[in-house]
Structure formats: structure tokens, C-alpha cells
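I opened this notebook to keep a record of what I looked up in one structure, in the order in which I looked. The entries go from single backbone positions to the sheet and then to the chain as a whole.

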Amino acid sequence: DEARRLIRDRDPRRPFFLYASFNAPHLPNEAPEATIDTYVDIENPFRRVHAAMVTELDSAIGALITQLKAEGVYNNTLIWFMSDNGGLNREAMTGPFLTLSETLEEWFGAPLPITMLEFIRTNTLEGGSDNTPFRSGKGSIYEGGVRVPSFLHWPVQLKTQRLDTMITVQDVLPTLLAATGHDIPDDLDGMNQWPTLTDGKTPTPASYVTMGQQGTQAFYAWPWKLVAGEDSAELYNLQTDPLEADNLANTYPDEVNRLAAALNRVVRAESLHIPLYQVFWDPDFFGGEEDRAPWADIIQ
């Protein structure tokens, strides 16, 4: 409703930008009962509510589309939809967390009496996502955790097509700058993908780093992907093996060393994460009274 108001009350003489971050689908699993009831054929209760949350998301985006049409700007508005990460599921969880959560639930039922343990149990056991055919899920650096669908819609500029080119979240800003006729600063991370979207050109994607649980990292240098743990390394060719079924680290040790060296050269700022003990002592659980500064204020 707030997004619709911003569109409706904007200055129609000027272009506008709206960043709408929907909270669902996400834990906690909540949706209107009427929407949940449309998925009675789904046996898994977490999956059933997850599907209802997706439907609610679809309806909300539909309301934004209706507002854009009512304002007469739908055909000349660039809509870029994406998710922040792969969906949460049990496959992304490590064995100890699964064992602990299942055991505690068996002993005490749900919800657990200790907030932090309930937070672990909820995240470990109640994810309703399915990232098939990709491996794992949210929190992981395998493709099920980091590869997400995305679409762009701008009828006056973009033709209908499907692209399998790797575009990262770092590419969004330079691409939008190019799409709107602005210069792109030289020191900006990511690359301009507008020629890819408009002309079908497929340049080699820029290298990309993503972080996962327990200190794991992934370094992308298309088509190669290095999965680097503290004492291990895996190598995949995503062009021929997007499902990450064939670890080529032993076959191409020189490639592993090259990518590991490139990963080590990546410039990093000081971490803004709070100490892990503080997370366990005072978890930022779902709902309730806000008792800490917004993350956007912390990282300014």
C-alpha cells in the first residue's frame, strides 16, 4: 500500500525510482488462512504455507502493476525483479544443526523454551523452499543458495528473450545507470549488462565473490567456480555442470591454485558483523519490539 501511495503521489514531471523489498516468502511461515487453503494438496505444512506466501507476493506485485497502469506509465517503466538468495531448506543445513534441532523438538516439542534454540530449530527444520535441481539452499555457497531467478520488463526498450548469462547483484547499479543514460564511475563494482539485455551480447562476466556459512567462500571466474573452505577446495565448470555434480579440483589443480590466488587478492573492508557469541546471547528473532539500530544505519 505504501509503494502504491508513493507511485500515486510522485511528481509526474520527473522520473521516479522505487525499491520495494518484500518480506515474504520468508520465515516465519505465515499467510492468510484462505490463501493457505488453496494449497491443501501440498502435504508438507511448511511447503504449503510457503506456496501461500508466494501467492501473496504475486498479488502484491500485481497491485503495483495495476497502479503503474492507472498512472499511464506501465509500458515505460523498467521493472527488475530478483530474490536475495536461494530458498531456505533442510539440505542447506549441516548435520549437527539437523541432529540438534530434531532431538530438541522430539524432547520438548515446538516452540522450544529457549529463544536461541528455537531460532536454530525454526531455521533448520521449517524452511519450505525447493531449489531443485540446484544443490543446497540459503546460507550455502552452492548454486541452490546463490543462484536465483530474475526478470526485467520494459516494453518500450526490451524484447522478449531468455538469457542464461551470469548477472550478479553487483551488476545492477552499473546496468541501471547505463539504461538511464548516466555515466558509470570507474571505481564501481560489477559490470554494465545493458548491452547483454538489449543486444543479446554475452561478454565474459566479471569475477564475483560470495560468502557462506562457517567461513566458506565461492569465487566465480566464468565458467569456473571455486568453492573454498578452510581446509578444502572444490572446482566446478558451471557452463557444463550447473548442478555441481562433478568436482574437478583433482583434475585441474593449476586452475584451483589460480582461482585461490585471485580470491586472496580480492580487496576486503573490515567486517561489520557482530561477534558470534552476541548473536547467540541476543538473537534478532522474528517479530517483537525493535530493540536495535537498523542495519542501514550501522553500515553508513
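This is a predicted model: local features need pLDDT of at least 70, side-chain atom pairs count only at pLDDT 80 or more; totals for chains, interfaces and linings use all residues.

I began with Ser 136, which sits in the loop between H5 and H6. Phi of Ser 136 is near 65 degrees, a positive value in a residue that is not glycine. Is Ser 136 buried or exposed? Its relative accessibility is 7%, and because buried means under 20%, Ser 136 counts as buried.

I noted another cis peptide bond, from Ala 24 to Pro 25, where omega is near 5 degrees; Pro 25 belongs to the loop between helix H1 (2–8) and helix H2 (33–36).

**The loop between S6 and H9**

I then turned to Glu 244, which lies in the loop between S6 and H9 and has a positive phi of about 55 degrees, although it is not a glycine. Glu 244 has a relative accessible area of 2% and is therefore buried. Thr 240 has its place in the loop between S6 and H9 as well, but with a relative accessible area of 65% it is exposed. I looked up one distance from here: the C-alpha atoms of Thr 240 and Pro 223 are separated by 8.4 Å, while the two residues are 17 apart along the chain.

**The sheet**

In which order do the four strands of the open sheet follow one another? I read the order as S3-S4-S5-S6, with antiparallel pairing. The edges are strand S3 (208–211) and strand S6 (233–237), each of which pairs on one side only. From one strand to the next, the twist averages 15 degrees. Helix H9 (residues 253–264) packs on this sheet and touches S3, S4, strand S5 (224–228) and S6, its direction making about 70 degrees with that of S5.

As a reminder to myself, strands of a sheet pair through backbone hydrogen bonds, in either a parallel or an antiparallel sense.

I went through the pairs one by one. S3 and strand S4 (residues 217–221) run antiparallel and are joined by four bridges; across this pair, Met 211 stands opposite Gln 217, and Val 209 stands opposite Phe 219. The hairpin of S3 and S4 has five residues between the strands, and within that hairpin Gln 214 takes a positive phi near 55 degrees. For S4 and S5 I counted five bridges, again in the antiparallel sense, and the hairpin that joins these strands passes through two residues. Tyr 220 has Lys 225 in S5 as its bridge partner.

How many of the five residues of S4 are buried? Five of the five are, so S4 is largely enclosed by the rest of the structure.

**Helix H7**

In helix H7 (residues 172–179), I listed Val 172, Pro 174, Thr 175, Leu 177 and Ala 179 as the buried residues. Their cover includes strand S1 (79–82) and helix H8 (194–199). After H7 comes Gly 181, whose phi is positive, near 75 degrees.

**The chain as a whole**

The protein chain has eleven helices and six strands, and its C-alpha atoms fill a box of roughly 60 × 55 × 40 Å along the principal axes. Of its 300 residues, 32% are buried. Where contacts join residues at least 6 apart in sequence, 56% of them join residues at least 24 apart. The accessible surface comes to about 19,400 Å², and carbon and sulfur atoms account for 53% of this surface. For the charges, I noted 22 positive and 43 negative ones in the protein chain, with mean positions that are 8 Å apart.

Definitions and conventions. Residues are numbered from 1 along each chain as its sequence is written. Side-chain values use heavy atoms; hydrogens and water are left out. Two strands pair if DSSP finds at least two bridges between them. Axes are lines fitted to C-alpha atoms, for helices over the stretch in contact, and angles run from 0 to 180 degrees between N-to-C directions. Contact means heavy atoms within 4.5 Å. Buried means under 20% relative accessible area, exposed over 50%, partly exposed in between (1.4 Å probe, protein chains only). Accessible areas come from the Shrake-Rupley method with a 1.4 Å probe; for residues, only the protein chains shown count as cover. Lys and Arg count as positive and Asp and Glu as negative; His and the chain ends are not counted. The place of a charge is taken as NZ of Lys, CZ of Arg, CG of Asp or CD of Glu.
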